[in-house]
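Please walk through this structure with attention to its charged pairs and its helix packing. The account begins with a group of linked side chains and then widens to the chain as a whole.

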Amino acid sequence: MSLTSALLTAQSALNTTAKQTALVTRNIAGANDPDFTRRIGSVVSGSNGSTYLSMTRSADAALLSKFIESRSQYSASSTLQKGLDRLSGIYSADDASGSPSSLLGNLRDSLQLYASQPGNTSVGEAAVSKATELANALNRGTEETQKLRLDADSDISSSVKNLNSLLAQFETVNDRIINGTRSGADVADYLDQRDGLLKQMSSEIGITTLVRGDNDMVVFAESGVTLFEGSPRTVSFTPSSAFSAGTEGNDVYIDGVPLSHGTFQQPYGTGRLSGLLQLRNDTAPGYQSQLDEIARSLVSMFAEIDQKTPATLPAVPGLFTYSGAPLMPPDASILPGIAGTIKVASAFILTEGGDPARLRDGGAGGSDYSQNPERSAGFSARLQNLIGAISAPRSYDPNAYAGDGQSLLAFSAATISSLEAKRKTATQTNQYNSVLASRAEEAVSNAGGVNLDEEMESMLALEHSYKASARIISAVDAMLNELLQAVR
């Protein structure tokens, strides 16, 4: 090898080492960035002993895809669990002491005490007070359930806005990747940014991807609808200003195609958007239907019946009334929102000019409905009938999904049980998804993340390589000096 060749080889080695050092420095700088992927430099030999550096990203597309999938599932199940926790907390999740089931039991006990002392007005007033607590609980349950739906609707709007923003950013980054790939420029940083945007998108909605020529990427929603292909598709949603029982929320549209929870895979869907749609459209309305069936049954159970023979007047609400009074709600059929308007009739409330003794006698609907026209203090037949009715089998709308042919006590207890069963299952699923997402994230980090110890070792090795190349140049320089002196 000539001195000139040796000098050129050493210079090439120095340049390559400098580039490797810059690459390691770049890795160290990105160590705390969760979207940064470690750069790997490979030294490639060229002609005449020259070398150059080939850089690749240590990204694993399969691991990233699995991480995106697991993150979407965790986001959906986490959203649903939080919503179920909130529903469960309406009536004190720990002991359910404020639940309709518990308060109905209290009312039954008060009626039993009143039946044993039918002439005691204060005991009757206490029974009416228990009924008021039960009605207020149903009102509160409806208010909180519909507030949950409204909050979910608002979160859907936020999710859609965030998704549109991410898609707009994705277009910018994807265009830079395509142009950079075509021109042979380094696009590693843009690839990192694009992967980071995919991770963020997967939290909002389940996605799949397809990479085409020039590193161009197409993004699909899990339902198969295209989210991005060359340009972002419009995700649109109109939030609702208020919710009441029976109100349906507006659809989310992707490029004109409506989405519902049912369009997503997995039991709880994928992405926060799916979990929110399930809460707003399925979970909360289902619980509201159960509350409405409890309220409807109470109005029917405590209704007053014409005592004439033959009866000519229709049954009317008695102790419990609602916004549709004096009409009675239809049997075994959900009346949306009745749990939000049920209340104890003023005719029974002492402070509102009523008489608690009407609970014993009847007659709130008029004298034709009274079972104790003489106002006998020892009359307890009606109270006994009401106590029996609370424990008697009844028919319920099958769409309430809490059973049929059971007592109202059992039905109201079943509503709590079914909610807690859903909550338990959602919690277990969410815990599993959390572990799965954590393991997937760990796998992605192990494959493409930066290990500072390894980078420092590489830096030391490069330092030694740099010194070796520098010594070669020094030796060649010394030889050239001696040769020049000899020539002179």
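Arg-212, Asp-216, Glu-229, Arg-233 and Asp-255 are joined in a network of salt bridges, a salt bridge being a side-chain nitrogen of Lys or Arg within 4 Å of a carboxyl oxygen of Asp or Glu. This is a predicted model, in which local features need pLDDT of at least 70 and side-chain atom pairs count only at pLDDT 80 or more, while totals for chains, interfaces and linings use all residues. Residues are numbered from 1 along each chain as its sequence is written, and side-chain values use heavy atoms, with hydrogens and water left out.

Helices (H or I, at least four residues) and strands (E, at least two) are DSSP runs, numbered from the N terminus. Glu-229 has 33% relative accessibility and therefore counts as partly exposed; Arg-212, with a relative accessible area of 36%, is partly exposed. The cut-offs are under 20% relative accessible area for buried, over 50% for exposed, and in between for partly exposed (1.4 Å probe, protein chains only).

The structure holds 20 salt bridges. Another of them joins Asp-214 to Arg-182, with the closest N and O atoms 2.9 Å apart. Here too distant parts of the chain are linked, 32 residues apart: Asp-214 is in the loop between strand S3 (207–211) and strand S4 (217–221), and Arg-182 is in helix H4 (residues 121–183). Asp-214 counts as partly exposed because its relative accessibility is 33%, whereas Arg-182 counts as exposed at 58%.

Asp-355 and Arg-375 also meet in a salt bridge, at 2.5 Å from N to O. They are 20 residues apart, with Asp-355 in the loop between strand S11 (343–344) and helix H8 (358–361), and Arg-375 in the loop between H8 and helix H9 (381–391). Arg-375 has a relative accessible area of 41%, so this residue is partly exposed.

Helix packing comes next. Two packed helices are described by the angle between their axes and the distance between the axes. For helix H2 (residues 61–88) and helix H6 (residues 272–301) the angle is about 30° and the axes are 8 Å apart. Axes are lines fitted to C-alpha atoms, for helices over the stretch in contact, and angles run from 0 to 180 degrees between N-to-C directions. H2 is therefore roughly parallel to H6, a label for angles under 35 degrees. The crossing of H2 and H6 is right-handed, meaning that the near helix is turned clockwise from the far one by less than a right angle.

On the H2 side, the residues that meet H6 include Ser-75, Leu-80 and Leu-87; on the H6 side, they include Arg-272, Leu-279 and Tyr-287. Contact means heavy atoms within 4.5 Å.

What does Asn-430 touch, not counting residues up to four places away in sequence? Its partners are Tyr-74, Ser-77, Ser-78 and Gln-81. Asn-430 is in helix H10 (residues 408–448) and is buried, because its relative accessible area is 9%.

Taken as a whole, the protein chain has 11 helices and 11 strands. Of its 488 residues, 44% count as buried. Among contacts with a separation of 6 or more, 66% are between residues 24 or more positions apart.

Definitions and conventions: Parallel < 35°, antiparallel > 145°, perpendicular 65-115°, else oblique.
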